[in-house]
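This briefing walks through one model by topic. Keep the structure in view while reading.

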2 protein chains.
Amino acid sequence: MTLTGKMLIGQQLLGGTRDVIRAINPATDAPLEPAYAGGSGEHVEQACALAWAAFDRYRETSLAQRAQFLETIAENIEALGDTLIERAAAETGLPVPRIQGERGRTCAQLRTFARTVRAGEWLDVRVDTAQPQRQPLPRADLRQRHVALGPVAVFGASNFPLAFSVAGGDTASALAAGCPVIVKAHAAHPGTSELVGRAVAKAVSDCGLPEGVFSLLYGSGREVGIALVTDPRIKAVGFTGSRSGGIALTQAAQARPEPIPVYAEMSSINPVYLFAAALEARSAALAQGFVASLTQGAGQFCTNPGLVIAVRGPALDRFIQQAADLLSRSAAQTMLTPGIFSAFQAGVGALSQHAKVVARGVPAQGPNQGQAHLFVTEASAFLTNEHLQAEVFGAASLIVACADSEEVRQVSEQLEGQLTATLQMDEADLANAKALLPVLERKAGRLLVNGWPTGVEVSDAMVHGGPFPATSDARSTSVGTAAILRFLRPVCYQDFPDALLPTALQQDNPLLLRRLLDGQREA
Amino acid sequence: MTLTGKMLIGQQLLGGTRDVIRAINPATDAPLEPAYAGGSGEHVEQACALAWAAFDRYRETSLAQRAQFLETIAENIEALGDTLIERAAAETGLPVPRIQGERGRTCAQLRTFARTVRAGEWLDVRVDTAQPQRQPLPRADLRQRHVALGPVAVFGASNFPLAFSVAGGDTASALAAGCPVIVKAHAAHPGTSELVGRAVAKAVSDCGLPEGVFSLLYGSGREVGIALVTDPRIKAVGFTGSRSGGIALTQAAQARPEPIPVYAEMSSINPVYLFAAALEARSAALAQGFVASLTQGAGQFCTNPGLVIAVRGPALDRFIQQAADLLSRSAAQTMLTPGIFSAFQAGVGALSQHAKVVARGVPAQGPNQGQAHLFVTEASAFLTNEHLQAEVFGAASLIVACADSEEVRQVSEQLEGQLTATLQMDEADLANAKALLPVLERKAGRLLVNGWPTGVEVSDAMVHGGPFPATSDARSTSVGTAAILRFLRPVCYQDFPDALLPTALQQDNPLLLRRLLDGQREA
């Protein structure tokens, strides 16, 4: 499959009219062909018109049809074969096995949403049957289901060129909910985006769906992004990226005549707590696990452990020494883009102004290679200096040494919202962990015991979310099957004749759903 | 029980320090004792501090404890007896039977949420058990539950002094979710608010809960309201009122360093469609049902039928004539406040500039009595004049005459978001209704066949919500048991030892919940 450098407006390949984007191989700084001319407001207009025209039909496709569509996308992505792997590796600097794993994850994610669609629990069907004899007033027949919000704009992430990009979690969950999707590709991997976009568009065609179900736009600058978010036909937004980017989109969405929800996954430093008994018993193993998690993928994960919190003392000193030893031997790794590399350099530089560097990784051997950094500071400094909470995207972490459990609690209360919080604890730490738990539940979407925050399972129970600024909407998750709920709203049908009811609500329950029927969940 | 004119900061009765509010009996224009001095930012600070201190303990009360608390509130409200009924009638001008009915509804609502809390479905427990042998990577043990968002600010509504005020739907659902509540009482019924507030505070004490679970503030102007919404300890807002008020609160909430969700139920004109066969067969009955719904409670319902849409012709002419006859004989009714009465007068006056008056009710016989109004206009005018969509709160409605089904569709597409849309239809109208349904599903939260939109059941399947400006968040309902979901967020627990897990997630499922266990719903 030859790359065309074009956008996809429905089934049509269309060249942009704005400034050209060219991917850069961050390992060599070499630009990659072809050039991708950016779209304009007019392209947004066309894609939105198609999406809107497709919406009413797409949202009423049967559960089986929609599930099959998601599965067809997965098959079409797999059919791209090594072309996709090679291009994604070249555009991101990520190793081939990582890209292969991410492709597996992306396709498994699409198939997981297919299963979720088929199971139909997301419809949340509730039936209150009529009570015509009730006093003082009769009760009407009331039936509730969930319907799709409308066309969704998805902004691909830089750090997951497959799993959180064109056919990633936001797209999969929005399509599963019955929403057409318009993706604005991330400028870092336009070729990967084109390949995946064409696989999705082919699935639209393979499944006989209206072409507006999916479009793919490019665009440097904010013209395309803001035009998308402010188009009246767009009803929700999915975004993974920087805090400033997420806030800008959220503000644009709120300033619309009709405000819409934005699901922005933004900024998290993912505190790791080292409790006393665990630290005393196994500081070396903890240091090893920590450094592995910190440096994995050049630290370019939203769940990267950017903060370590512990009570000071000999055990913490040992941990710091052991982590510093390991980190100082860790190789510099190519980062995703020159921009991300220079932001990392700047972030590390800024943190050096406020905290002590205890270790640096092996210096860079090539362009755009991030050198791991480990910092340490005192709780008293952390409590009074907000710069110490700034996310540094990459392999950099800050250890906060506290006087006692009370100071650990104070530091925790001071934290902004997080995607994760990790407790390294042994049996003897249980009481201390229990005491801290209420704070952590208020601060983070996922709490881990004796694991590391990197690595996010796509499953029913996963929460990849959390209070602001981890995300713009703590009521949701962007990973796992519950992500479908972000793109739905309830509608109630009162005293409808069966012939006018949507299938999910009909009297004989043709979809065999477990309804909430007169207050009882059906078996 | 003697009214004190004081606020409730937890268990403490405290006098305000700002301008005095005095309720007015709208039927006589007479001010009512006592005076209620408004609270200041300092009172907000105190209430928020107490709520915050109570939050972690209150949100972890057992399901039984929390349910019992809600039931105790209901009992304590009932124990107020006629004192409450008389005061509410005097403050609102609403007839005693209506207030009695509303008290019944309010207490039933609290008991319904008690049942919902006990059933525990709102916890949405999901368990993905560990798969240590999985390739290429093991799966951790993942467990999800929902936790309360945090203290909630509730703004009472003018038109439901009990059911949507101090212990109304927002308060009941937030308390059910585990959130402490701070109510800003509506200035129209401070005495009713004090009585109910004391019943709630007594329930807090009766049940041995921390006092910060509930506070009640007064305040004219925006000092108290904005201070509440911008306090960092407030994590969500419930509001029922005007479009401008709801938008102001939403903007204040979005402008916070940590934005929070606002559930504002604002503005809806609730279109009623009269399909051809129904109109032909039963115009007189439709006119009767329509006028009864329009004039009920002086038209002061969010679901008041403010818009009628039909194809023009002799049957519509008959309906207009019959509705006009009935309406012109309908008595003027005392409205809730002098302010609401003058806004109604102004709204009717403004609509008269843009549409033809076809009937007026019996003129007012006393102060603050709203005279019902019926207007008619052509679809061509409606499509080009946004003034015709403005909500007039009270007994005023506009009939839009369309050339054909296509124009009905155009008018429908032009509508803003609505709480309800009603279809008056017979067998022969089925195809036309079916064709319009996708538009209505996009526009409204509740769709009715052959009923009238006033009258909102508190049940599982109810949706009292809808796209903007009906509400600020179409993903939610403010009436019915699903309202509890507004005040929750998911948290995932990874590889937690049983001793550290919240009860709902423990291995032996002590709450006997139907969990989503490894992708299967438990029976």
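Helix axes are lines fitted to C-alpha atoms over the stretch in contact, and their angles run from 0 to 180 degrees between N-to-C directions. On that basis, helix α14 (residues 430–443) of chain A and helix α1 (residues 41–59) of chain B cross at roughly 100 degrees, and their axes come within 11 Å. The model is predicted. The points below take the interface between the chains, then helix packing within each chain, then salt bridges and backbone details.

**Interface between chains A and B**

- Chain B and chain A bury about 6,000 Å² between them. Carbon and sulfur atoms carry 53% of that area.
- Chain B gives 72 residues to the contact, and chain A gives 71 residues.
- On the chain B side, Glu441(B), Arg475(B) and Leu500(B) lose the most area to chain A. Together they make up 12% of what that side buries.
- The two chains are linked by 12 salt bridges.
- Glu457(A) and Arg134(B) meet through their side chains in a salt bridge, at 2.6 Å from N to O.

**Helix α14(A) against helix α1(B)**

- Angles of 65 to 115 degrees count as roughly perpendicular. α14(A) and α1(B) are therefore roughly perpendicular to each other.
- From α14(A), the residues in contact are Pro438(A), Glu441(A) and Arg442(A). They meet Trp52(B), Phe55(B), Asp56(B) and Arg59(B) in α1(B).
- By class, this contact of α14(A) with α1(B) has three nonpolar and four charged residues, and no polar ones.

**Helix packing within chain A**

- Helix α3 (residues 82–92) of chain A and helix α4 (residues 96–119) of chain A cross at roughly 120 degrees. Their axes come within 9 Å.
- α3(A) and α4(A) are therefore oblique to each other.
- The crossing of α3(A) past α4(A) is right-handed.
- Which residues of α3(A) meet α4(A)? They are Leu84(A), Ile85(A), Ala88(A), Ala89(A) and Thr92(A). Their partners in α4(A) are Val96(A), Ile99(A), Gln100(A) and Arg103(A).
- The contact of α3(A) with α4(A) divides into six nonpolar, two polar and one charged residue.

**Helix packing within chain B**

- Helix α9 (residues 276–295) of chain B packs on helix α10 (residues 314–328) of chain B at an angle of about 35 degrees. Their axes are 8 Å apart.
- α9(B) passes α10(B) in a right-handed crossing.
- Residues of α9(B) in this contact include Leu279(B), Leu286(B), Phe290(B), Val291(B) and Leu294(B).
- The contact of α9(B) with α10(B) has 13 nonpolar, four polar and two charged residues.

**Salt bridges**

- Over all chains, the structure holds 68 salt bridges.
- One of them joins the side chains of Arg59(A) and Asp56(A), at 3.1 Å from N to O.
- Arg59(A) and Asp56(A) both lie in helix α1 (residues 41–59) of chain A. They sit three residues apart, about one turn of the helix.

**Backbone details in chain A**

- The peptide bond from Glu33(A) to Pro34(A) is cis, with omega near -10 degrees. Pro34(A) lies in the loop between β5 (30–31) and β6 (36–37) of chain A.
- The peptide bond from Gln135(A) to Pro136(A) is also cis, with omega near 0 degrees. Pro136(A) is in the loop between β7 (126–128) and β8 (142–148) of chain A.
- Asn270(A) is not a glycine, yet has a positive phi of about 55 degrees. Asn270(A) is placed in the loop between β13 (262–265) and β14 (271–274) of chain A.

Methods: Residues numbered from 1 in each chain as written. Chains lettered and ligands numbered in written order. Predicted model: local features only at pLDDT ≥ 70, side-chain atom pairs only at ≥ 80, totals over all residues. Heavy atoms only, no water. Helix = DSSP H or I, 4+ residues; strand = E, 2+ residues; numbered from the N terminus. Parallel < 35°, antiparallel > 145°, perpendicular 65-115°, else oblique. Left-handed = near helix turned anticlockwise from the far one by under 90°. Contact = heavy atoms within 4.5 Å. Nonpolar A, V, L, I, M, F, W, Y, C, P; charged D, E, K, R; others polar. Buried area = accessible area lost by both parts, 1.4 Å probe. Salt bridge = Lys/Arg side-chain N within 4 Å of Asp/Glu carboxyl O.
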